[in-house]
Amino acid sequence: MASRASAGAAAAGPRASPGPRGPGVTAKSTPDPILRNALRYTISAREYAVLHKHVISKSKTLRKRAPTVDTVQRIMDGEPQNRGRGGGGQALAKGYATNTGSGGGASSSDKESKAMAKEEVLARIAGKGAGADDYNARAIRHSLRVFIATGALMKLWGIVSARVLGKKQGGAASGQKQPLHKSPTLRLSLSLSTILLMYRLLFRFFTRLRAHLLDPTAAPFRIRNPKTTLTLTSPYAPAVGASLAGLALGVYPSQQLRVSIAVYALFRALEFGWNCAEDNGMVWGWDRGTHGRPDKKRTRPWWWGSWMLQPFAFGQLLHAAVFDRDCFPTAYGDFIFKHSTAYLHARPEDFPLSLKWPKVYEIIDSLATMAKLNWPAFISPVLFPGKEDTLPASLSAIAPLTSGAHPLITSLSCATLHPSDPSCTRTLLTFWLRSFTPLTKILLLVYSAMVLPRFSSLYHYPLSTIQGIISNALRMSTFLTGALGTWWSSICFFQTWLPRTFMPTQRFFLGGFLAGFWAYLEKKKGRPIFLHTAKASLNSLWKVGVKRRWWRAMKSGDVWVLVAALALTGVVYERDAKAIKEKNWRKGVSWVRGEGWRDWVETLEIEGDEADEKEEDMYDLKIEEDESEGEGLRY
């Protein structure tokens with residue numbers, strides 16, 4: 001559209017205003033289209049200006065060989081005649097660079113520039129204005145950068161995991177070189193860059209389609225197709241239509257990383273949707289105002305929070321750890337069993353090397369077998385040394401543990417978890433003494449490392465920062481130690497006080513459910529951990545359901561989950577961008593939509609405050625004028 005308008009203006013120019021013509025178009029004056037497109041898809045004029053200012057201009061050699069900013073701008077704008085008549089593309093580029101630059105003080109010019117920047121961005125998306133043709137170039141440019149950055153990060157991760165962590169991936173493990181088209185690095189880079197490119201193109205297409213349908217000239221179409229018009233003219237149509245770009249995730253092979261990306265996007269979208277519903281009073285409702293007062297939104301209960309996800313997440317994960325270990329996160333299992341030495345005993349030093357000692361996962365498998373056998377009674381080999389078959393054949397792996405168990409122990413689970421101590425309470429206290437201190441030390445190091453990016457706070461407020469580190473570590477250590485201790489001790493508690501046939505296998509879920517209530521200690525600052533645990537639980541639950549045929553796995557279901565997550569995120573951003581609490585996330589959504597790396601919520605709030613201040617100043621000025629007129633009439 002912009003090229004047609006400029007061509008029409010060029011054709012009508014000599015007829016409208018006779019005068020001296022500009023220089024003719026020659027082969028030398030016309031930039032090479034290949035060079036122009038290469039520059040447009042590599043770097044923008046504003047970015048080249050910044051690069052030239054801070055890097056190229058500092059070196060004499062680069063300054064002599066590299067083109068100037070005006071030259072690059074002229075090449076990107078195309079024919080020089082277009083620049084002479086009003087400077088359409090260049091003026092818009094300069095205005096956009098100024099408006100999206102650093103924000104100054106609260107002045108009228110700043111407010112106008114911000115408003116112009118928003119209007120220009122929306123015009124570019126809708127396909128209007130002189131800079132509309134730059135939208136596609138910018139989308140391709142950003143997609144290429146995502147492709148290169150993802151590939152570089154994947155290569156770096158492969159080197160680190162191979163040399164530092166000692167892991168080998170894919171064909172490297174078998175010594176075979178994979179073809180290029182089957183490389184996970186290439187396919188992930190291609191998938192993410194395609195998602196970005198298609199999202200922007202689809203968002204622009206549906207935005208322009210909606211604008212055309214809302215035009216008065218499209219009234220006949222709206223009358224003939226009311227349902228289609230209602231769908232396509234909805235303010236959420238561009239966001240929902242652009243979410244189809246998530247189908248490009250199918251380019252990456254169906255691996256755990258693809259599932260993790262889809263689940264993460266889904267949880268973030270659900271979080272945004274919950275925030276939107278809660279902020280608009282859809283969850284807790286409104287209190288009707290009295291005596292002409294407006295309705296007041298109800299606040300959430302004091303006990304409500306993301307910590308309430310932990311009882312369900314812990315119950316599911318710990319149940320899967322016992323019965324469906326192939327559906328359980330390995331990192332979670334390593335952490336839990338490593339810090340449970342009071343219940344999972346290592347091989348004694350004086351134990352004969354010729355005899356086999358049960359491993360950690362053999363003990364866990366034995367607990368699952370006990371539950372399936374309805375918790376058989378324990379027959380002490382110490383009290384009955386001549387009795388054979390004191391253990392079922394399926395539990396022979398734990399014979400070294402139970403053979404020397406204390407004779408006062410009456411349950412088989414207690415003989416397995418704490419064979420040398422007949423008291424379950426004393427064993428729980430021993431677990432706290434052994435696990436709390438090491439966990440606190442580890443968490444102190446973790447929280448101290450998290451403070452390093454915010455070193456200024458440690459420099460200016462050392463006491464409060466150190467106090468925060470210590471309190472966070474103690475709270476988190478109490479939460480983790482209490483949760484693990486509750487789950488282990490619940491096994492002994494249930495076998496002591498419940499009949500053997502009452503919920504034999506569901507006891508592990510019930511114990512994890514009770515352990516999850518320790519999350520209340522971290523309800524204020526544990527939200528990221530709670531959401532991460534909930535995501536791991538959902539992923540594990542889905543795998544368990546597929547394994548046990550509770551539901552059927554949908555082919556490329558994770559791809560459609562990503563599409564739904566993108567659609568929900570776009571709808572929430574369109575309805576109430578404040579529902580996305582994180583400022584950087586709002587900037588990211590704006591960037592993906594092609595509106596620039598800007599927080600439009602903050603920009604519009606500043607403009608609104610400035611408008612309110614201006615209105616108040618005008619009101620005060622009017623009052624002063626009225627008072628002065630009244631005094632003049634009095635005299």
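View 1. L541 belongs to helix α25, which spans residues 527–547; helices (H or I, at least four residues) and strands (E, at least two) are DSSP runs numbered from the N terminus. L541 counts as partly exposed because its relative accessibility is 32%, where buried means under 20% relative accessible area, exposed over 50%, and partly exposed in between (1.4 Å probe, protein chains only). When neighbours within four places in sequence are left aside, L541 is in contact with Q316, W550 and W551, contact being defined as heavy atoms within 4.5 Å. The C-alpha atoms of L541 and A313 are 9.4 Å apart in space, although 228 residues separate the two in sequence. This is a predicted model, in which local features need pLDDT of at least 70 and side-chain atom pairs count only at pLDDT 80 or more, while totals for chains, interfaces and linings use all residues. Residues are numbered from 1 along each chain as its sequence is written, and side-chain values use heavy atoms, with hydrogens and water left out.

**View 2. The crossing of helices α21 and α23.** The axes of α21 (residues 424–451) and α23 (residues 462–497) come within 7 Å and cross at roughly 145°; axes are lines fitted to C-alpha atoms, for helices over the stretch in contact, and angles run from 0 to 180 degrees between N-to-C directions. By class, the contact between α21 and α23 comprises 19 nonpolar, eleven polar and no charged residues, with Ala, Val, Leu, Ile, Met, Phe, Trp, Tyr, Cys and Pro counted as nonpolar, Asp, Glu, Lys and Arg as charged, and the others, Gly among them, as polar.

**View 3. The largest nonpolar core around L367, W488 and F508.** Within this core of 53 residues, L367, W488 and F508 touch the most other members; a nonpolar core is a set of buried Ala, Val, Leu, Ile, Met, Phe, Trp, Tyr and Cys residues joined through side-chain atoms within 4.5 Å. Elements giving two or more residues to this core include α16 (310–323), α18 (360–372) and α24 (507–515), and α23 gives the most, with eleven residues. Not counting residues up to four places away in sequence, L367 touches W375, L417, W488, I491 and F508.

**View 4. Helix α27 and the residue G594.** In α27 (residues 583–592), the buried residues are R586, K587, G588, V589 and S590. Just after α27, G594 takes a positive phi of about 90°.
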